[in-house]
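This briefing walks through one chain, topic by topic. Keep the sequence and the 3D view open while reading.

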Amino acid sequence: MEKNRSPAVRARGLGVERGGHRVIDGLDVDVPAGRVVGLLGPSGSGKTTLLRAVVGVQDHVSGELTVLGEPAGSTVLRRRVGYVTQAASVYTDLTVAQNLRYFARLAGLPPSATGAGVARAVATVDLGGHEHQTVGTLSGGERSRVSLAAALVGDPELLVLDEPTVGLDPVLRRDLWTTFRALAAEGRTLLVSSHVMDEATQCDRLLLLRDGDLVADTTPDELLVTTGAPDAERAFLALIDRTTQESR
């Protein structure tokens, strides 16, 4: 990240309460702009809750949370932020093109720019030739790419992706990560959650969560060096063990 470039996401004293339980309590974190940032941690660590707060759809949020210099959830961020949920959030009874035109309208894309936006999104996720195919007839991996295209159709600066590779085979996971790297090379910021630790090596920076707390804010190389572990999974477990001992 350039020294004078503001972070894409900035949280100070962030708290989130769900069902009377404090899921995140006093979180301070920055997401550097123009990078692929991995949000890693076991199930129940608060990853999805944090992502929902970033895109402005999470209730009972306290503290400071700014996204691209604006309060999270601001109307002005509608086109600037794309969000991909864990489950494919597209309509199975519509074609790929119909879905993307719909999401282009939601993003506030002018009608004159919709055609170009749809074509760009389809090309980015490599779905050329499927534009007029009903989403319900696509494979699971193809539906995941339609969801990504829906998030991209407004040409956002920040992409928030909640476990986008879950359930996909290794080839599709590799292809999606190639796409993510290409998007970051264009200057976009990607905040990608995962509980698959080997995906950590695909990221520029890592945020490791456990029970809503930030265990580490580091890079893949630094993670391995500081823990002395041979791979990301064992490095994360080493950090978990270390923080558990320190909290006793």
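Predicted model: local features only at pLDDT ≥ 70, side-chain atom pairs only at ≥ 80, totals over all residues.

**Helix α4**
- Eleven of the 13 residues of α4 are buried, so the helix is mostly covered, with buried meaning under 20% relative accessible area.
- The buried set consists of G141, E142, S144, R145, V146, S147, L148, A149, A150, A151 and L152.
- The length of α4 checks out: at 1.5 Å a residue, its 13 residues should span 18 Å, and the end C-alpha atoms are 19 Å apart, which agrees.

**Nonpolar cores**
- The largest nonpolar core holds 47 residues.
- Within that core, L100, L148, L159, L161, L190 and L208 have the most contacts.
- Helix α4 (residues 140-152) gives the most to this core, contributing six residues.
- Another core lies apart from it, with 28 residues, among them A8, V9, V37 and L51.
- L190 touches R35, V36, V37, L159, L161, F180, L183 and A184, leaving aside residues up to four places away in sequence.

**L208 in strand β9**
- L208 sits in strand β9 (residues 205-210).
- Its relative accessibility is 1%, so L208 counts as buried.
- Beyond residues up to four places away in sequence, L208 touches L40, D213, L214, V215, A216, L223, F236 and L239.
- R242 is 34 residues from L208 along the chain, and their C-alpha atoms are separated by 13 Å.

**Helix α6**
- Which residues of α6 (residues 220-227) are buried? They are P220, L223 and T227.
- These three cover an arc of only 60° around the axis, which puts them on the same side of α6.
- D221, V225 and T226 are exposed, on the face of α6 turned away from its buried side.
- G228 follows α6 and has a positive phi, near 75°.

**Whole chain**
- The chain contains seven helices and ten strands.
- For 248 residues, a compact globule would have a radius of gyration near 18 Å; the chain has 18 Å, which agrees.
- The C-alpha trace spans about 60 × 40 × 35 Å along its principal axes.
- Buried residues account for 46% of the 248 residues.
- Of the contacts with a separation of 6 or more, 65% join residues 24 or more positions apart.
- An unreviewed UniProt entry places the feature "domain: ABC transporter" at residues 9-236.
- Over residues 9-236, the chain is 33% helix and 27% strand. The end C-alpha atoms of that stretch are 23 Å apart.

**K47 in helix α1**
- K47 belongs to helix α1 (residues 47-55).
- Is K47 buried or exposed? Its relative accessibility is 5%, so K47 counts as buried.
- Not counting residues up to four places away in sequence, K47 touches L39, L40, G41, P42, E163, S193, S194, H195 and L209.

**L77 and L68**
- L77 lies in the loop between β5 (70-71) and β6.
- With 6% relative accessibility, L77 counts as buried.
- L77 touches V67, L68, E70, P71 and A72, again not counting residues up to four places away in sequence.
- L77 and E157 are 80 residues apart in sequence but 9.5 Å apart in space, C-alpha to C-alpha.
- L68 is in the loop between β4 (61-67) and β5.
- At 16% relative accessibility, L68 counts as buried.
- Phi of L68 is positive, near 55°, in a residue other than glycine.

**D211**
- D211 is placed in the loop between β9 and β10 (213-218).
- Phi of D211 is near 55°, a positive value in a residue other than glycine.
- D211 counts as exposed because its relative accessibility is 55% and exposed means over 50%.

Methods:
Residues numbered from 1 in each chain as written. Heavy atoms only, no water. Core = buried A, V, L, I, M, F, W, Y, C linked by side-chain atoms within 4.5 Å. Buried < 20%, exposed > 50% of the residue type's maximum accessible area, 1.4 Å probe, protein only. Helix = DSSP H or I, 4+ residues; strand = E, 2+ residues; numbered from the N terminus. Contact = heavy atoms within 4.5 Å. UniProt positions renumbered as here; feature names shortened; annotations may be inferred. Arc of directions from axis to C-beta. Expected span 1.5 Å × (residues − 1). Rg over C-alpha atoms; globule rule 2.2 N^0.38 Å.
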